[in-house]
Amino acid sequence: RNWEDLAELHTALERKVEAGRDDRRRLFQRANAPIFAITPRGVVAAWNEHIEKVSSIAEQDAIGKSILDLVDESSMEGLKAAIESCSAGTNPGAVEITMLRQSPEQPPVQLLLALIEQVDSDPVKTITAIGQDLTEVSAMKAMNE
């Protein structure tokens, strides 16, 4: 009997974990904000439609790449520090980055990111970055100067 109870508990826990994954997938898909997830080593694990639109980098071209390969050199140190801080369990606050675009003719996109450490029962811990496109704001500031 104890074995059956343990098996039922295990099945219920698996369902709960899968429901959490589905919730996260839906959030990524439906959000009207650029969102991506990376591993603690900076490898892109998820890429939503909105980040694809602002960066012009397709999901299949981003997944599996280092996020540092997708940002301007000027953003690398700050982003590395934020990833390390988040991986250590410390909130790095907002991080402004300049992301490269698929086509070199397009100007880079500026994003303000909030990094959130993902703590769940997934075998791969991820860091979720939720962004706000600052490109237009930066262009307006430059015009006013």
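This is a predicted model: local features need pLDDT of at least 70, side-chain atom pairs count only at pLDDT 80 or more; totals for chains, interfaces and linings use all residues.
User: Why are Glu49 and Lys53 separated by about one helical turn?
Analyst: An α-helix has 3.6 residues a turn, so residues three or four places apart point the same way. Glu49 and Lys53 both belong to helix α2, and the separation is about one turn because they are four residues apart.

User: Are Glu49 and Lys53 buried or exposed?
Analyst: A residue counts as buried under 20% relative accessible area and as exposed over 50%. By this rule Glu49 and Lys53 are both exposed.

User: In which helix do Glu77 and Lys80 lie?
Analyst: Glu77 is exposed, at 57% relative accessible area, while Lys80 is partly exposed, at 33%. The two residues are three apart, about one turn of the helix. The helix that holds both is α4.

User: What span does α4 reach from its first C-alpha to its last?
Analyst: Helix α4 has twelve residues. At 1.5 Å a residue, the expected span is 16 Å, and the span of the model is close to it. From first C-alpha to last, α4 reaches 16 Å.

User: What arc do the buried residues of α4 cover around the axis?
Analyst: The buried residues of α4 are Leu79, Ala82, Ile83 and Cys86. They lie on the same side of α4, because the arc they cover is only 100°.

User: Which residues are exposed on the other side of α4?
Analyst: The buried residues of this helix are Leu79, Ala82, Ile83 and Cys86. On the other side of α4, the exposed residues are Glu77 and Glu84.

User: Which residues touch the most other members of the largest nonpolar core?
Analyst: In soluble globular proteins, nonpolar side chains tend to be buried together. The largest nonpolar core here holds 25 residues. Elements giving two or more residues to this core include β1, β2, α2 and α4. The members that touch the most others are Phe36, Trp47, Ile67 and Met99.

User: At what angle are the ring planes of Phe36 and Trp47?
Analyst: Phe36 is buried, at 1% relative accessibility, and Trp47 is buried too, at 3%. By the rule, the count of aromatic pairs comes to one. The ring centres of Phe36 and Trp47 are 5.6 Å apart, and the pair is tilted because the planes are at 35°.

User: Where is the place of Ser56?
Analyst: Most residues other than glycine have a negative phi, and most peptide bonds are trans. Ser56, a residue other than glycine, has a positive phi near 60°. Ser56 is partly exposed, at 26% relative accessibility. Its place is in the loop between α2 and α3.

User: How far apart in space are Gly93 and Ala114, C-alpha to C-alpha?
Analyst: Gly93 is in the loop between α4 and β3 and is partly exposed, at 31% relative accessible area. Gly93 touches Leu113 and Leu115, not counting residues up to four places away in sequence. Gly93 and Ala114 are 21 residues apart in sequence, yet their distance in space is 6.3 Å.

User: What pattern does the protein chain follow along the sequence?
Analyst: The protein chain has 145 residues, of which 30% count as buried. Its secondary structure comes to five helices and five strands. Read along the sequence, the pattern is α-β-β-α-α-α-β-β-β-α.

How values were computed. Residues are numbered from 1 along each chain as its sequence is written. Side-chain values use heavy atoms; hydrogens and water are left out. Buried means under 20% relative accessible area, exposed over 50%, partly exposed in between (1.4 Å probe, protein chains only). Contact means heavy atoms within 4.5 Å. A nonpolar core is a set of buried Ala, Val, Leu, Ile, Met, Phe, Trp, Tyr and Cys residues joined through side-chain atoms within 4.5 Å. The expected span of a helix is 1.5 Å times one less than its number of residues. The arc is that of the directions from the helix axis to the C-beta atoms. Rings of Phe, Tyr and Trp (its six-membered ring) pair if their centres lie within 6.5 Å; planes under 30 degrees apart count as stacked, over 60 as edge-to-face and the rest as tilted.
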